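Work through these exercises with the model open. Try each task before reading its solution.

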Amino acid sequence: MLNLGHYLLKRFLQHPMAPERILQILSTLEDGLVIETVVIPCDRGRNTVCVSSQVGCAMNCQFCYTGRMGLRRNLTAAEIVEQAVFARRLLSGEVGSITNVVFMGMGEPLHNIENVIKAADIMVHDQGLHFSPRKVTVSTSGLVPQLKRFLHESNCALAVSLNATTDVVRNWIMPINRKYNLHMLLETLRQELRLKHKYKVLFEYVMLAGINDSIEDAKRLIDLVQGIPCKINLLSFNPHSGSQFRPTSEEKMIKFRNILAEAGCIVFLRLSRGDDQMAACGQLGEPGDQIRAPLLRVPAQFQTVLEASF
């Protein structure tokens, strides 16, 4: 259970509320571990709570602060749901009603699939939090067996962190790809989504300067998602302590987006929010946490790019 008396709204108290700000909540669990929840206000009336599903993460994605923390433990279904409950109680008066939930905080949700499915069910149940299943999105780095189970057992939305168009790059920045490669992941989605009515997967693509943001990457991405009902989010990389990557320029992100759009893809551009607070996507983790997971060997063709970043 969460310790309601030990919420830390420091970031909120330091930064007056404005439509472009986000609210970062640190909460202490009964065993003393700390998780983060983020509330993302929107002036269009859509307010999103981003919940954590684990303390830390085992995936070791090279661009993600949480992913390199290592895994402490899974959260229970109650600890996941209570993040949304407390966000509603504590912050609805400041930002308005919480309308959306995304499982994009600390942890790999499908690595904790039992508790995540239970939590998502409670969130959408008419005697639970009564969110629309379309408004609850569970994200994954690509655990294929768990992804198939989720699509069979849940009506909630699915987001897949893709972030690369070749196995060489994805093996490096997302080691889970060494077990479930791009072909296996995308072919699974292609097959499974044939069985779901009016269902689109959301592909998330964090853009890393000189790594995955070329014109060739855009063209490969178009080919990769053929036959998969989907939307694509292009995300600005949020730098953090120990990071070896740089964000793609806004100009280049727009050019990348336009190539996808001209090919008929549904594509959105998401520039960073909360990066100055270490509360943005890929930055969550207890302040002062020591990075534990190792940096992986950089493919030879990208060593010059990274050296130029420093």
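**Exercise 1. A helix pair**

In which hand of crossing does α4 pass α6?

Solution. The model is a predicted one.

- Step 1: α4 passes α6 in a right-handed crossing.
- Step 2: Find the geometry. Helix α4 covers residues 144–153 and helix α6 covers residues 182–192. They pack at an angle of about 15 degrees, and their axes are 10 Å apart.
- Step 3: Apply the cut-off. Angles under 35 degrees count as roughly parallel. α4 and α6 are therefore roughly parallel to each other.
- Step 4: List the contact. From α4 come Val144, Leu147, Lys148, Leu151 and His152. They meet Met184, Leu185, Thr188, Leu189 and Glu192 in α6.
- Step 5: Sort by class. The contact of α4 with α6 has 6 nonpolar, 2 polar and 2 charged residues.

**Exercise 2. Another helix pair**

Solution. 

- Step 1: Helix α7 (residues 215–224) and helix α8 (residues 250–262) pack at about 30 degrees. Their axes lie 9 Å apart.
- Step 2: The cut-off for roughly parallel is under 35 degrees. α7 and α8 are therefore roughly parallel to each other.
- Step 3: α7 passes α8 in a right-handed crossing.
- Step 4: α7 contributes Ile215, Asp217, Ala218, Leu221 and Ile222 to the contact. α8 contributes Lys255, Phe256, Ile259 and Leu260.
- Step 5: By class, the contact of α7 with α8 holds 7 nonpolar, no polar and 2 charged residues.

**Exercise 3. Aromatic pairs**

How many aromatic pairs are there?

Solution. 

- Step 1: The count is 4 aromatic pairs.
- Step 2: Take Trp172 and Phe302. Their rings are 5.6 Å centre to centre, with 25 degrees between the planes. Planes under 30 degrees apart count as stacked. The pair Trp172 and Phe302 is stacked.
- Step 3: Trp172 lies in helix α5 (residues 167–173), and Phe302 lies in helix α9 (residues 300–307), so the pair ties together parts that are 130 residues apart in sequence.
- Step 4: Check burial. Trp172 and Phe302 are buried.
- Step 5: Take Phe237 and Phe245. The ring centres are 6.2 Å apart and the planes stand at 85 degrees, so the pair is edge-to-face.
- Step 6: Check burial again. Phe237 is buried at 3% relative accessible area. Phe245 is buried at 6%.
- Step 7: Join the pieces. Ring pairs link Trp172, Phe237, Phe245 and Phe302 into a cluster.

**Exercise 4. Positive phi**

Is Asn60 buried or exposed?

Solution. 

- Step 1: Asn60 has a positive phi of about 55 degrees although it is not a glycine. Asn60 sits in the loop between β4 (54–57) and β5 (70–74).
- Step 2: Buried means under 20% relative accessible area. Asn60 has 10%, so Asn60 is buried.
- Step 3: Asn163 has a positive phi near 70 degrees, and Asn163 is a residue other than glycine. Asn163 lies in the loop between β8 (157–161) and α5.
- Step 4: Asn163 counts as buried, at 2% relative accessibility.

**Exercise 5. The whole chain**

What percentage of the residues of the protein count as buried?

Solution. 

- Step 1: The protein has 9 helices and 11 strands.
- Step 2: Of its 310 residues, 56% count as buried.
- Step 3: Take contacts between residues at least 6 apart in sequence. Of these, 69% join residues at least 24 apart.

Note on methods
Residues are numbered from 1 along each chain as its sequence is written. This is a predicted model: local features need pLDDT of at least 70, side-chain atom pairs count only at pLDDT 80 or more; totals for chains, interfaces and linings use all residues. Side-chain values use heavy atoms; hydrogens and water are left out. Axes are lines fitted to C-alpha atoms, for helices over the stretch in contact, and angles run from 0 to 180 degrees between N-to-C directions. Helices (H or I, at least four residues) and strands (E, at least two) are DSSP runs, numbered from the N terminus. Angles under 35 degrees count as roughly parallel, over 145 as roughly antiparallel, 65 to 115 as roughly perpendicular and the rest as oblique. A crossing is left-handed if the near helix is turned anticlockwise from the far one by less than a right angle, and right-handed if clockwise. Contact means heavy atoms within 4.5 Å. Ala, Val, Leu, Ile, Met, Phe, Trp, Tyr, Cys and Pro count as nonpolar, Asp, Glu, Lys and Arg as charged, and the others, Gly among them, as polar. Rings of Phe, Tyr and Trp (its six-membered ring) pair if their centres lie within 6.5 Å; planes under 30 degrees apart count as stacked, over 60 as edge-to-face and the rest as tilted. Buried means under 20% relative accessible area, exposed over 50%, partly exposed in between (1.4 Å probe, protein chains only).
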